[in-house]
Amino acid sequence: KSSGREEPKTEENAEGAGKSGKKKTLKEAATEVMKQLERENFANAYEGAVLDRKKESFTVFTDKEDNRKADCEKHKVILATIITNVDSRVAWFEAGITKTIKFFKDRAAQEEEYVKIMTQGLPKLGTFFKDEAKPELLMNFGKALDECDEFHVRQSKNSEVMSKFIRKDLLEDLIIPSGKEFKKQFDTLRSPLDDFKKKLIALNLERLKRQKAYIYAYNEAQRSNKITKDRDMFHKEMESVINGHEELKLLKAYATQTLILLNETVKLLVKRISDIQKALTLYFQKYTDLYGYKASNPEVVMQLLQKFNSTEEIQQMFTIKNTLTLDEIKYFEQKTGKSEVTYQDVYNTLTAPPPAIDILASPLVLKSWKATRDAGLLKSTRNCFVVVTVDGHVLVIEKNTENVDIIEGCYILGMRNLKIVNNEDRKDFSIVEIMEVVPGFLMDSKTKLTLKFGSEDSAEEFRHYVYNYFNSAALDKK
């Protein structure tokens, strides 16, 4: 019913009149205002929900990362303790071997010096009481003195035999080759650990870099809702998680090699000390053969050498109590729930597989699908996951498993620039062609991907997400 009054002009009906030439009623203008407010309220609610998800994900991730980092650092310290103890024990042991070698060299030199004195510098007793003009004088005494000279000659020959035996049989054929073989095998076991350490340092620096980028992206999300591709929170979180997982895998390999070093070093030292034990036994046996049992009386020495159990003695050097600190032992007791920890427990703890992490379960993921991407090369395809994130991006992640794994490639496409390429001739509706068109200064940048989903329903669901994005208030906030 007309009241004859002119309706008040508003921006809305003024604008409407300008566009259509028809004046809007107050009710129509109010309805449009309410719709606009509803859209803005929905947009604000959507943005709030996104921020809530980011806060949730950030809190969960940082807590897990702190725990993972603490365990990693603890394991690194324990492995450093084991390696340091192995190195110091080997160095101490080799110092003893070096002194043993010097002992044998000095003994050989003593015998050689005795030979030299007896054959070159010692006067002949048989000539002291010999009269060339009257040889019958003190003839019997002279014979006794000649025999004395022969005795010393025989003694010098024994010393010569002993010297050669020490240098060749004990040193050249036994102790020195044993030492070279020990060093060769020990270095083979030890050198990879230095490479692991360097890789861990580099990986840790990379982790810190990615974590810093993740935190920066989170802080930026709190300040502004303008999210660029390089600040997609899920992508940054995924990079950090994968980097941390790689560190865990490398640390596991590092621990495995360290414990192999420990185990094999014990075997090598048992062999090394057994060779020294053998050399000493042969030395005293030869001494007895040359100079007689009564002269040397090596019975006590031989019994003690035979009684020595090289395996038990070396293993005692590397027991857990002699290798780890009390705090480290308590750590394994807490991890295993045992009061007496074995090296098997240490191995199981340090080399336990990293926990399975489903990165697609992140609150930052709105939806994900398994698919394959047409690589275009010889009609090859690559397994991938198609992920829609709360930041309005589609990530096509090329990888084989849902759990953390090495990513072969990753495309990040902005939803606001994404289009579904319609192909009326396509018969397989599980295949979706998408194209991202990013406006440029001179020309647009285009990225086109062909994705085959596991089913037509999955493909339709993905299309639904893309289409609905353009009709949602979220677009207005980006």
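## Basis and overall composition

Because the model is predicted, local features need pLDDT of at least 70 and side-chain atom pairs count only at pLDDT 80 or more, while totals for chains, interfaces and linings use all residues. Residues are numbered from 1 along each chain as its sequence is written, and side-chain values use heavy atoms, with hydrogens and water left out.

The chain holds 12 helices and seven strands, where helices (H or I, at least four residues) and strands (E, at least two) are DSSP runs numbered from the N terminus. Of the 478 residues in the chain, 38% are buried; buried means under 20% relative accessible area, exposed over 50%, and partly exposed in between, with a 1.4 Å probe and protein chains only. Among the contacts in the chain with a separation of 6 or more, 65% come from residues 24 or more positions apart, contact meaning heavy atoms within 4.5 Å.

## Helix 4 against helix 6

Helix 4 (residues 233–291) packs with helix 6 (residues 299–307) at an angle of about 160°, and their axes are 10 Å apart; axes are lines fitted to C-alpha atoms, for helices over the stretch in contact, and angles run from 0 to 180 degrees between N-to-C directions. That angle makes helix 4 roughly antiparallel to helix 6, since angles over 145 degrees count as roughly antiparallel, under 35 as roughly parallel, 65 to 115 as roughly perpendicular and the rest as oblique. The crossing of the two helices is left-handed, a term used if the near helix is turned anticlockwise from the far one by less than a right angle, with right-handed used if clockwise.

On the side of helix 4 the contact is made by Gln 277, Leu 280, Thr 281, Phe 284 and Gln 285, and on the side of helix 6 by Val 301, Met 302 and Leu 305. These residues divide into five nonpolar, three polar and no charged, where Ala, Val, Leu, Ile, Met, Phe, Trp, Tyr, Cys and Pro count as nonpolar, Asp, Glu, Lys and Arg as charged, and the others, Gly among them, as polar.

## Helix 4 against helix 7

The axes of helix 4 and helix 7 (residues 310–317) come within 9 Å and cross at roughly 135°, which makes helix 4 oblique to helix 7. Helix 4 passes helix 7 in a right-handed crossing.

In this contact Val 266, Leu 269, Val 270, Ile 273, Ser 274 and Gln 277 of helix 4 meet Ser 310, Thr 311, Ile 314 and Gln 315 of helix 7. By class, the contact has five nonpolar, five polar and no charged residues.

## Aromatic pairs

The count comes to 16 aromatic pairs, under the rule that rings of Phe, Tyr and Trp (its six-membered ring) pair if their centres lie within 6.5 Å, with planes under 30 degrees apart counted as stacked, over 60 as edge-to-face and the rest as tilted. The rings of Tyr 283 and Phe 284 have centres 5.0 Å apart and planes at 75°, so this pair is edge-to-face. Tyr 283 is buried, with a relative accessible area of 5%, whereas Phe 284 is partly exposed at 23%.

Trp 369 lies in strand 1 (residues 365–374) and Tyr 465 in helix 11 (residues 456–471), so the pair ties together parts that are 96 residues apart in sequence. Trp 369 is buried, with a relative accessible area of 4%, and Tyr 465 is partly exposed, with 26%.
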